[in-house]
Amino acid sequence: MAGKEATLVLLDVGASMYEPYKQVQGKEIRRIELAIDCIGMMIQQKIFNYKNHEVGLVLFGTEDAEDGNTFYIQTLSPPDLEFYRNVTELPKHDIPKIKGGDIFDALDKSVSTLDDHVKTKKMDKKIFVLTAGFGQTEYNEKKIGKLIKMIEKVDVKINFIALDFMNEYDVELDDPTKPENQEILNNRMLNSIYESKEQQINQNLIYYMVQELRNHMRIFPANIAFELYSQFHTKQMQARASFRGDFQINDQTFLQVLIYKRCAEEKLPSLKKHSAIGEFSSEQNRNIVRNDTIHYNPEDPNMAPIERENIIKGYQYGRSLIPVDSIMEDKMKYQCSRTFQLLGFVERSQIPRHYFISNVDMVVAVDSEQSKKCLSALIIALIATKKVAIARFVGREKGSPKMVVLLPHKSKSYQCFWMITLPTSEDIRHFQFSALRKSTPNQQIAVASLIDKMDLETIPNQSGEPEELLKMKYVANPTRQYFQQVVMHKAITRTDVIPPISPLILEYLHPESRIYNYAQDAIKRVKNAFKFKVNEIKKPQDKKVFWKQLFDEQTTQQVQQQIEEEVVEINREEEEMVNMFAKQKLGFKDDIIQEIGSVDPISDFKKMITEKRVDQVDSALQQMQKVIIGLVDQSVKGSFFPKALECLKEMRKACISEDEVPVFNKFLFVLKDKYNQQVFWAQIVQQGITLISNIENQKSSVTADEAQDFLNKEDNKHQQMVDQLQNEEEDLLADIE
């Protein structure tokens with residue numbers, strides 16, 4: 001919540017809380033340690049995210065209390081590091097003789113304390129109770145009735161966390177609208193078996209309270225350890241509509257809707273650098289390191305600073321750099337008004353899951369009966385026909401338009417659309433992979449069996465019932481949780497030692513161990529169906545040389561000689577780098593290619609065309625014409641014709657990209673006049689190297705039909721010449737053989 005909140009945590013510190021927690025398999029952890037971890041996680045959340053929240057801690061079941069039960073270790077106030085340190089040290093205390101504290105006495109006093117503290121302040125009131133339920137109590141149903149009335153009057157929300165206690169309670173069965181489920185739950189609670197009589201009494205009273213306080217009290221039996229963590233790690237957000245406006249169905253129909261963020265990317269808070277040289281201060285704005293950026297012209301030897309307002313963006317257009325200021329850039333942007341418009345409907349199967357490329361938003365109707373009915377009718381109709389809606393969405397004025405899919409959703413309490421952005425053709429990239437070997441039926445059956453066995457929703461638990469692993473409802477963000485844990489640890493200990501992440505969190509985030517054990521038979525079938533071969537990858541030799549390796553493998557003299565050689569090599573590389581930067585800064589052009597050679601003319605031509613420091617396009621085109629004519633004239637029975645043709649093709653591409661169309665078209669006429677009756681021109685016709693048309697480049701005055709006719713007029717004659725040349729080559733090869 002973004003508003004103010006007052007939270008009291010009631011922690012049972014009786015001897016039963018120091019016993020092992022039974023719901024964890026393979027790891028030993030005491031109930032008090034699990035409870036302290038949860039409370040510490042909540043304090044971290046409050047310190048990092050909620051400055052307006054106040055937290056207090058009450059211990060009950062302690063011998064140090066004046067009344068023999070409750071002891072206030074922290075009054076209601078904003079949590080700080082000292083509070084967190086005191087909480088983490090609680091498990092180190094001596095184990096008391098009392099088995100547990102009076103839950104209802106502590107709850108009664110805490111409700112009064114919370115009410116006295118808040119008074120007329122606008123604050124949400126919450127109480128967390130963590131206990132194993134072993135404490136004795138003097139409360140009966142009459143006293144519980146008074147406590148219930150006080151809780152309703154104060155309007156406090158109570159979250160009851162049961163450790164190895166009330167495990168038979170199921171919140172999904174606790175539904176008064178379904179008598180059959182309620183009866184099943186009542187029988188479970190009556191037939192539950194506990195270690196002590198006190199647990200049975202406390203269970204009955206708590207169950208009675210939750211039946212009377214459905215809007216004020218919730219029970220969380222920690223059957224899964226991580227479910228207990230989930231009650232504390234959640235970062236609550238205030239629901240704020242990111243869009244409020246009309247949803248246009250057609251030209252005459254508009255619905256008033258609200259759009260909320262359903263999920264968003266979690267981002268860590270930005271950290272500020274503080275100077276270690278300055279005098280230490282607890283103030284956040286003291287000793288902050290600020291970075292100053294200086295802009296200068298790289299061609300200026302004095303590197304005179306340039307003011308930021310004198311710098312504008314530049315975009316490459318051909319060989320020119322076009323300056324574009326912010327005003328011109330805004331004018332060039334696509335202007336679009338704020339809108340939310342329905343485009344049509346498609347089958348749900350036509351929108352695969354991998355098309356979802358953004359966060360999920362929630363579309364609901366405004367608080368109007370007419371809007372709710374209209375939107376509900378549309379949602380139900382889409383669910384019945386198994387279709388989804390496609391819409392155009394622009395969230396703000398002059399924003400970028402998005403194509404979104406609206407997935408209809410209906411639950412017991414609400415109806416809405418899930419809105420997700422869809423990709424355009426520019427967002428989709430098709431990767432080409434080599435074809436796999438065709439699989440056998442036996443291999444297909446083995447892989448299908450393995451996939452079925454590794455389904456996270458059907459893994460059986462100890463009782464054999466299917467259980468879903470890795471529920472998103474209970475998954476904390478491990479990055480954020482561990483970040484906060486490390487910051488708090490370093491703030492308290494003042495050391496460089498990084499603490500390990502909680503083993504319970506790691507266990508829940510990695511359910512593969514249970515899956516592998518369950519899918520052993522399927523894994524063996526896959527191993528038998530496929531031939532696996534170890535692909536040995538040679539490790540590249542490390543360029544770094546460590547002193548220990550040198551002294552272990554070489555003598556002192558060899559080490560000294562090698563070091564001297566490396567120093568000489570480093571000095572040479574540094575000198576080359578300095579010379580290179582000096583040439584670039586002073587405008588030296590020693591590395592610029594000035595002439596096209598005959599060995600690799602295409603490579604030289606490309607380098608001259610793409611050179612940005614000097615415009616060499618005209619020179620490159622003229623030289624390439626000479627190279628092509630030289631290759632043709634120097635050919636013996638067409639030996640250099642293929643190379644000349646490749647050069648001609650490369651020249652054609654360059655003339656199109658560099659807007660030098662007249663140069664190529666004129667040169668092609670020259671080649672036709674000079675080699676019209678020769679085999680070289682026949683090969684040009686055969687490969688379709690024709691004039692550049694205005695379709696390929698708008699600056700060309702040649703149409704596509706004219707470019708085609710340029711070659712078609714003498715197509716038959718030159719085809720005969722090509723056939724004759726091929727026959728001569730075959731005869732020559734036969735003579736060689």
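I took axes as lines fitted to C-alpha atoms, for helices over the stretch in contact, with angles running from 0 to 180 degrees between N-to-C directions. Helices (H or I, at least four residues) and strands (E, at least two) are DSSP runs, numbered from the N terminus.

**Entry 1. Model and chain**

I worked on a predicted model, in which local features need pLDDT of at least 70 and side-chain atom pairs count only at pLDDT 80 or more, while totals for chains, interfaces and linings use all residues. Residues are numbered from 1 along each chain as its sequence is written, and side-chain values use heavy atoms, with hydrogens and water left out.

I found 23 helices and 19 strands in the protein chain. Of its 737 residues, 37% are buried (under 20% relative accessible area, with exposed over 50% and partly exposed in between; 1.4 Å probe, protein chains only). I then looked at contacts (heavy atoms within 4.5 Å): of those between residues at least 6 apart in sequence, 68% join residues at least 24 apart.

**Entry 2. Helices H20 and H21**

I looked up the packing of H20 (residues 661-675) on H21 (residues 679-686) and noted an angle of about 135° and axes 8 Å apart. H20 is therefore oblique to H21 (angles under 35 degrees count as roughly parallel, over 145 as roughly antiparallel, 65 to 115 as roughly perpendicular and the rest as oblique). From H20, Leu668, Leu671, Lys672 and Tyr675 meet Phe680, Trp681 and Ile684 of H21.

**Entry 3. Helices H3 and H6**

I recorded an angle of about 40° between H3 (residues 103-118) and H6 (residues 197-212), whose axes are 11 Å apart. Ile103, Phe104 and Leu107 of H3 meet Asn202, Leu205, Ile206 and Met209 of H6.

**Entry 4. Thr131**

I located Thr131 in strand S4 (residues 124-131). Thr131 counts as buried because its relative accessibility is 0%. Leaving aside neighbours within four places in sequence, I listed its contacts, among them Asp12, Phe60, Ile103 and Phe165. A polar atom of the Thr131 side chain lies 3.0 Å from the backbone nitrogen of Gly133.

**Entry 5. Lys46**

I placed Lys46 in helix H1 (residues 31-49). Is Lys46 buried or exposed? Lys46 is buried, since its relative accessible area is 8%. Not counting residues up to four places away in sequence, Lys46 touches Glu5, Thr7, Lys51, His53, Val55 and Pro79. The C-alpha atoms of Lys46 and Pro78, 32 residues apart along the chain, are separated by 8.1 Å.

Conventions
A polar contact is a pair of N or O atoms within 3.5 Å; within protein, one must be able to donate a hydrogen and the other to accept it, and residues adjacent in sequence count only if both atoms are side-chain atoms.
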